[in-house]
Amino acid sequence: MPLRRARLRSRPAAALLAGGLLTALLVPAAVAAEPAARVAPEQAPDIPVANVKAHLSQFQSIAAANGGNRAHGRPGYRASLDYVKGKLDAAGFTTRIQQFSAGGGTGYNLIADWPGGDANQVLMAGAHLDSVSSGPGINDNGTGSAAVLETALAVARSGFQPREHLRFAWWGAEELGLVGSRYYVGNLPAADRAALSGYLNFDMIGSPNPGYFVYDDDPQIEKVFKDYYAGLGVPTEIETEGDGRSDHAAFKSAGVPVGGLFTGASRTKSSAQAAKWGGTAGQAFDRCYHSSCDTTSNVNDTALDRNSDALAHAVWTLSG
């Protein structure tokens, strides 16, 4: 809830005229509170898309140095995790690596907590960090991972101290069936799970032929994203292609309010969608989905910029 402030105002004493003489009769001052005004939340900073793209370039370089991918159980994944962790540690986050097993390999989740905030009200934002084995996974899901990272770094740069506690996460083995996020939620103590006020998921937010899709799972979170895009004059649609197929699924099943953004994968953009968003009708939102051509050239900068700013806006707004 927004802070509420009351201002104090004293009423003047009344004076009485009697017998031609002025007699001041002091009336005790009455103290009354005016109706409290809502205090606007601190505004989120602009997230520089150049910074987000710099992280994508690092993911591309990591993939190139490690067999062309950043997949679960491969050295490119662990190198990606170490890159993100190094940035967060330097910015003052408390980080931890959660280890699990999947598909005969060792997987890792990275969890980063920003100091402060109400530990009984925890807002999380996350993205999966792994790629498929066939490519570097820059749109899927370097874009979500990079935008979440840059938003976390913006929290540190601004010294943001929200009412709620902020936690950011990068999931492993999503491409094997949402393994990392399911492991995290499944191993949360009941009290910690109850403390989660919301989870925001960002999986593919820079598709080259983009749509602007918003999860419709939690009305409050959905409204924050829709209102943001309405302010830009950009229409949105309800996300259906990835419904239940990304890392928000485990949180939703556990009763945590969830929301997120998506720019489309292998489905085809319709003529109506091309008319309102631009791009090419009759073509997939991402022609390089799960392919070797999912490189840094497979990203729409405008979509990445808008979604990165919308991510930060939601984090600032929902955490108070």
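Entry 1: Before starting, I noted the cut-off for burial: a residue is buried under 20% relative accessible area, exposed over 50%, and partly exposed in between. The model is a predicted one, so I read every value here as computed from that prediction.

How many disulfides does the structure hold? I found one. Cys288 and Cys293 are the partners, with an S to S distance of 2.1 Å. I then checked the handedness: the angle about the S-S bond is -115 degrees, which makes the link of Cys288 and Cys293 left-handed.

Are the two cysteines buried or exposed? Cys288 has a relative accessibility of 12%, so it counts as buried, because the limit for buried is under 20%. Cys293 comes out at 34% and is therefore partly exposed.

**Entry 2: the chain as a whole.** I stepped back for an overview. The protein chain has nine helices and 12 strands. Of its 320 residues, 48% are buried. I also looked at contact range: among contacts with a separation of 6 or more, 75% are between residues 24 or more positions apart.

**Entry 3: the nonpolar cores.** I reminded myself that in soluble globular proteins nonpolar side chains tend to be buried together. Which residues have the most contacts inside the largest nonpolar core? I listed Val84, Leu88, Phe168, Trp170, Leu200 and Phe202, in a core of 62 residues. Helix H3, residues 138-158, gives the most to this core, with 10 residues. I also noted a second, separate core of 15 residues, which includes Met124, Ala169, Trp171 and Leu188.

Leaving out residues up to four places away in sequence, Phe168 touches Phe93, Leu110, Ile111, Ala112, Ala125, Val148, Thr151, Ala152, Val155 and Val315.

Entry 4: The peptide bond that joins Asp140 and Asn141 is cis, with omega about 0 degrees.

Next I searched for positive phi in residues other than glycine. Ala173 has phi near 55 degrees, and Met204 has phi near 70 degrees. Where do these two lie? Ala173 is in the loop between strand S8 (164-171) and helix H4 (179-186). Met204 is in the loop between S9 and strand S10 (213-214). I checked burial too: Ala173 has a relative accessible area of 0% and so is buried. Met204, at 3%, is buried as well.

**Entry 5: the second largest pocket.** I put its volume at about 300 Å³. The second largest pocket has a lining of 16 residues, and Gln220, Ile221, Val224, Thr317 and Leu318 lie nearest its centre. The elements that give two or more residues to the lining are strand S7 (118-128), strand S9 (196-202), helix H6 (219-232) and helix H9 (301-319). Which of them gives the most? My note says H6, with five residues. By class, I recorded five nonpolar, six polar and five charged residues in the lining.

**Entry 6: Val258.** I went to strand S12 (residues 258-262), where Val258 is found. Val258 has a relative accessible area of 2%, so I marked it as buried. Not counting residues up to four places away in sequence, Val258 touches Tyr199, Asp217, Asp218, Ile221, His248, Phe251 and Lys252. One of these, Ile221, is also among the residues nearest the centre of the second largest pocket.

**Entry 7: Gly244.** My last stop was the loop between strand S11 (237-238) and helix H7 (248-253), where Gly244 is found. Is Gly244 buried, partly exposed or exposed? Its relative accessible area is 39%, so Gly244 is partly exposed. Setting aside residues up to four places away in sequence, Gly244 touches Leu178 and Ala249. Gly244 and Leu178 are 66 residues apart along the chain, and their C-alpha atoms are separated by 9.7 Å.

Methods
Residues are numbered from 1 along each chain as its sequence is written. This is a predicted model: local features need pLDDT of at least 70, side-chain atom pairs count only at pLDDT 80 or more; totals for chains, interfaces and linings use all residues. Side-chain values use heavy atoms; hydrogens and water are left out. A disulfide is a pair of cysteine sulfur atoms within 2.5 Å. Buried means under 20% relative accessible area, exposed over 50%, partly exposed in between (1.4 Å probe, protein chains only). Helices (H or I, at least four residues) and strands (E, at least two) are DSSP runs, numbered from the N terminus. Contact means heavy atoms within 4.5 Å. On a 1 Å grid over the protein atoms alone, a cavity is a set of points where a 1.4 Å probe fits but cannot get out, and a pocket is an open set with protein on both sides within 12 Å along at least five of seven lines; lining residues have an atom within 4 Å of a point. Grid points are joined across faces, edges and corners, and a volume is the space filled by probe spheres set on the points. Ala, Val, Leu, Ile, Met, Phe, Trp, Tyr, Cys and Pro count as nonpolar, Asp, Glu, Lys and Arg as charged, and the others, Gly among them, as polar. A nonpolar core is a set of buried Ala, Val, Leu, Ile, Met, Phe, Trp, Tyr and Cys residues joined through side-chain atoms within 4.5 Å.
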